[in-house]
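This briefing is meant to be read beside the sequence and the coordinates.

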Amino acid sequence: MKLQLYVPDGRYDPWIAGFAEALPEAQCVTWEDSRGEPADYAVVWRPPIDMLRGRTDLKAVFNLGAGVDGILRLRDEDPQALPAGVPIVRLDDAGMAAQMAEYVTSAVLRYFRRLDDYAAQAQAGKWKFLKPHRREDFTIGVMGIGTLGTHIARTLAGFGFPVRGWSRTARAVEGVVGFHGDAGRAPFLDGLRVLVNVLPLTPQTENILNGELFGKLAQGAYVINVARGQHLVEADLLAAVQAGQVAGATLDVFRAEPLPAEHPFWQEPRITITPHISALTLREDSIAQIAGKIRALRAGQPIAGVVDLQRGY
Ligand code: OXD
């Protein structure tokens, strides 16, 4: 059995060592060293356009992340870029849900407890009480109730916040008020104090965080984007922050990464920037999950995380 790997940073050694341990029966090769050779499985993150085209030798393509846009968007460049009939499998959770819940919760609590305001006061040597927000007025909306979004919504509900969830189709999560589809979008957004985006990136969700949406949130709402930069119309967010409609934002993802030095977000103190770290791919967990799925496939068993190519996630 042959596994062909592609990671954009070219740091293959730990992946090869990990698969050698988790799946000793497999020969693990890099795409660069085995271009043109058949393999049984590809394990990739943001593969190059010519890696998967026509690859009917593959039994499955494993994506080293939760979001599969880096693979599916190859079709925009070349409609034949993906091999017909070969399943694409995303990581489900693999340690990411807990990391994302930590990240989002810390951003929410920082805003809820006014810690940025206190930090600014401390800089100015000012000791001053600020009126606290009321938890019961602090409705948080999570857009995207998949594995990661469900964990985030449950974690926030565990702090006693009123939490709403929005998804394409109806999803029931205990302690979370569910909305779905186009009809559910306006009531979901109405008056939210915090909006958290964890949606998959698809043509339907691109640019979904825009001025029109910000206008439906409560005045002075807070925006957290941990999904993809292409969800956000950056100029609209900047305008909404400058107009006070949005109080601030914590952004982990951007249209261009690394965020260019001249980007206006760097100059806006109400926007907190992190370099796409909200949920790192944990190598050991990912290798264990992929090895388990390969064994299941070889035993003819079903696996979770197979991407619906029409739906786009
Ligand atoms: C992912 C990511 O999709 O890291 O998993 O962005």
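By class, the shell around the ligand consists of 4 nonpolar, 3 polar and 1 charged residues. The model is a predicted one, and the points below are grouped by topic.

**Ligand surroundings**

- The residues around the ligand are Trp45, Gly65, Ala66, Gly67, Met96, Arg228, His276 and Ala279.
- On the backbone side, an N or O atom of Ala66 lies 2.7 Å from an oxygen atom of the ligand, and a polar backbone atom of Gly67 is likewise 2.7 Å from an oxygen atom of the ligand.
- Arg228 contributes through its side chain, a polar atom of which lies 2.8 Å from an oxygen atom of the ligand.
- Taken alone, the ligand would expose 210 Å², and the protein buries 87% of that area.

**The sheet of 7 strands**

- This open sheet has the strand order E8-E7-E6-E9-E10-E11-E12, and its pairing is parallel.
- Strand E8 (176-180) and strand E12 (271-273) each have a single partner strand and stand at the edges, so one side of each is left without a neighbour in the sheet.
- On average, and with direction ignored, neighbouring strands of this sheet are turned by 15 degrees against each other.
- Within the sheet, strand E9 (residues 194-197) runs parallel to strand E10 (residues 221-225) and is joined to it by 4 bridges, and Asn197 stands opposite Asn225 in E10.
- Helix H5 (residues 96-112) packs on the sheet, where it touches strand E6 (140-143), E9, E10, strand E11 (246-251) and E12, and the direction of H5 makes about 160 degrees with that of E10.
- Helix H10 (residues 234-243) lies across E10, E11 and E12, and runs at about 140 degrees to E11.

**The sheet of 5 strands**

- The order in this open sheet is E2-E1-E3-E4-E5, again with parallel pairing.
- At its edges stand strand E2 (27-30) and strand E5 (88-89), each with a single partner strand, so one side of each is left without a neighbour in the sheet.
- Strand E3 (residues 41-44) and strand E4 (residues 60-63) run parallel and are joined by 4 bridges, and the bridge partner of Val43 in E4 is Phe62.
- Helix H1 (residues 13-22) packs on this sheet and touches strand E1 (2-6), E2 and E3, with a direction that makes about 155 degrees with that of E1.
- Helix H11 (residues 283-298) also packs on the sheet, touching E1, E3, E4 and E5, and its direction makes about 160 degrees with that of E4.

**Local backbone features**

- A cis peptide bond, with omega about -5 degrees, joins Glu257 and Pro258, and Pro258 lies in the loop between E11 and E12.
- Arg114, a residue other than glycine, has a positive phi near 60 degrees, and Arg114 is found in the loop between H5 and helix H6 (115-123).

Methods. Residues numbered from 1 in each chain as written. Predicted model: local features only at pLDDT ≥ 70, side-chain atom pairs only at ≥ 80, totals over all residues. Heavy atoms only, no water. Near = heavy atom within 4 Å. Polar contact = N/O pair within 3.5 Å; in protein donor to acceptor, adjacent residues only side chain to side chain. Areas by Shrake-Rupley, 256 points an atom, 1.4 Å probe, with all protein chains shown as cover. Nonpolar A, V, L, I, M, F, W, Y, C, P; charged D, E, K, R; others polar. Pairing = 2+ DSSP bridges. Helix = DSSP H or I, 4+ residues; strand = E, 2+ residues; numbered from the N terminus. Axes fitted to C-alpha atoms, helices over the stretch in contact; angles between N-to-C directions. Contact = heavy atoms within 4.5 Å.
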